[in-house]
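Hello, and welcome to this structure. Please have a look at it first, and then read the notes that go with it.

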Amino acid sequence: MRKPYVILNAAMSVDGKIATRGGDSALSDEEDWKRVHNLRSQVDAIMVGINTILLDDSKLTSKEGKNPIRVVVDSKARTPPNARVVTVRPEVETLIAVTRKAPQERTSNLQKKGVKILVCGDGENVDLELLLKKLYDLGVRNLMLEGGGNLNWGMLSKGLVDEIRIAISPVIVGGIEAVTLVEGRGFNRVSEGLNLELVSSENVGSCLVLTYRVLRESKRENS
Ligand SMILES: NC(=O)c1ccc[n+]([C@@H]2O[C@H](COP(=O)([O-])OP(=O)(O)OC[C@H]3O[C@@H](n4cnc5c(N)ncnc54)[C@H](OP(=O)(O)O)[C@@H]3O)[C@@H](O)[C@H]2O)c1
């Protein structure tokens, strides 16, 4: 399948959380934010799940260089028309990926605000393979996936992620309800998990940034 090259990027606590139980996701420091903004300026699109928009009201803009297309994965078109991803820098394109089940009134309210609606399937959730194909057809060759945990699972479990960059922040926040890097159903056995290869590790401010390549074949199958 033709699809953009996908880099999953996140800031995570040492205990694997990407937000606290109260929804506080400020795990990066200033230096790491610079790295994130730099990466944003190098990709054609940034993508997040609707919960991240509802909880963080993210603008998804870059402070450095060009601004990529913003993509929200939002089956039922719950993105508020006054969300910052819609209203801030309206000249930067925002695409909302929905399913055919999204209420027409909501999609047309968003379209009136200048947002483009991409219909991806007629199931309960956005068909992520179809979305990536549509983005590729629109010219998106590399895409930064910025969470949250449920969308990360949706993308990883379908084998759609090529690279992972994790900024590990030197903090532990705990909490059974705190969102982890990857949520969803999960794999039953370690042998079913996605194998990764460490490409680099570097200190960025107070964070340790690990870059992994996602291996397509399972190393364990051969061992
Ligand atoms: N530290 C970091 O780097 C970082 C980065 C990003 C987010 N976060 C944090 O992560 C938290 C939100 O994460 P989250 O896991 O609750 O939500 P999320 O991943 O942002 O959004 C998940 C939602 O996306 C929609 N969706 C549509 N199609 C999907 C598909 N095929 N697969 C998966 N999801 C699909 C679903 O809602 P519908 O059914 O309504 O479409 C789903 O509930 C926030 O607290 C945010 O602050 C942290």
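1. A word before starting: what you see is a predicted model. The values in this note are therefore computed ones.

2. Let us begin with helix α5, which spans residues 128-137. Its buried residues are L128, L131, L132, L135 and Y136. If you look down the axis of α5, these buried residues fall within an arc of 135°, so they line one face of the helix.

3. Both ends of α5 are worth a look. At its start, D127 has a side-chain oxygen that reaches to within 3.2 Å of the backbone nitrogen of E129. Just after the helix comes G139, with a positive phi of about 100°.

4. Which residues does L145 touch, leaving aside its neighbours within four places in sequence? L145 is in contact with V6, I7, L8, N9, M47, L151, N152, M155 and V161.

5. Now to the ligand. There are 27 residues around the ligand, and those that come nearest are T52, D56, S75, K76 and E146. For S75, a polar side-chain atom lies 2.6 Å from an oxygen atom of the ligand.

6. The backbone takes part as well. A polar backbone atom of I18 is 2.9 Å from a nitrogen atom of the ligand, and a polar backbone atom of L151 is 2.9 Å from an oxygen atom of the ligand.

7. What about the cysteines? C120 has 0% relative accessibility, so this residue counts as buried. C207 is buried too, with a relative accessible area of 1%. The count of disulfides comes to 0.

8. Finally, where does T20 sit? T20 lies in the loop between β1 (5-13) and α1 (30-42). Is T20 buried or partly exposed? Its relative accessible area is 24%, so T20 is partly exposed. Beyond its neighbours within four places in sequence, T20 is in contact with V173 and A178. T20 and V204 are 184 residues apart in sequence, and their C-alpha atoms are 22 Å apart in space.

Conventions:
Residues are numbered from 1 along each chain as its sequence is written. This is a predicted model: local features need pLDDT of at least 70, side-chain atom pairs count only at pLDDT 80 or more; totals for chains, interfaces and linings use all residues. Side-chain values use heavy atoms; hydrogens and water are left out. Buried means under 20% relative accessible area, exposed over 50%, partly exposed in between (1.4 Å probe, protein chains only). Helices (H or I, at least four residues) and strands (E, at least two) are DSSP runs, numbered from the N terminus. The arc is that of the directions from the helix axis to the C-beta atoms. A polar contact is a pair of N or O atoms within 3.5 Å; within protein, one must be able to donate a hydrogen and the other to accept it, and residues adjacent in sequence count only if both atoms are side-chain atoms. Contact means heavy atoms within 4.5 Å. A disulfide is a pair of cysteine sulfur atoms within 2.5 Å. A residue is near a molecule or strand if one of its heavy atoms lies within 4 Å of it.
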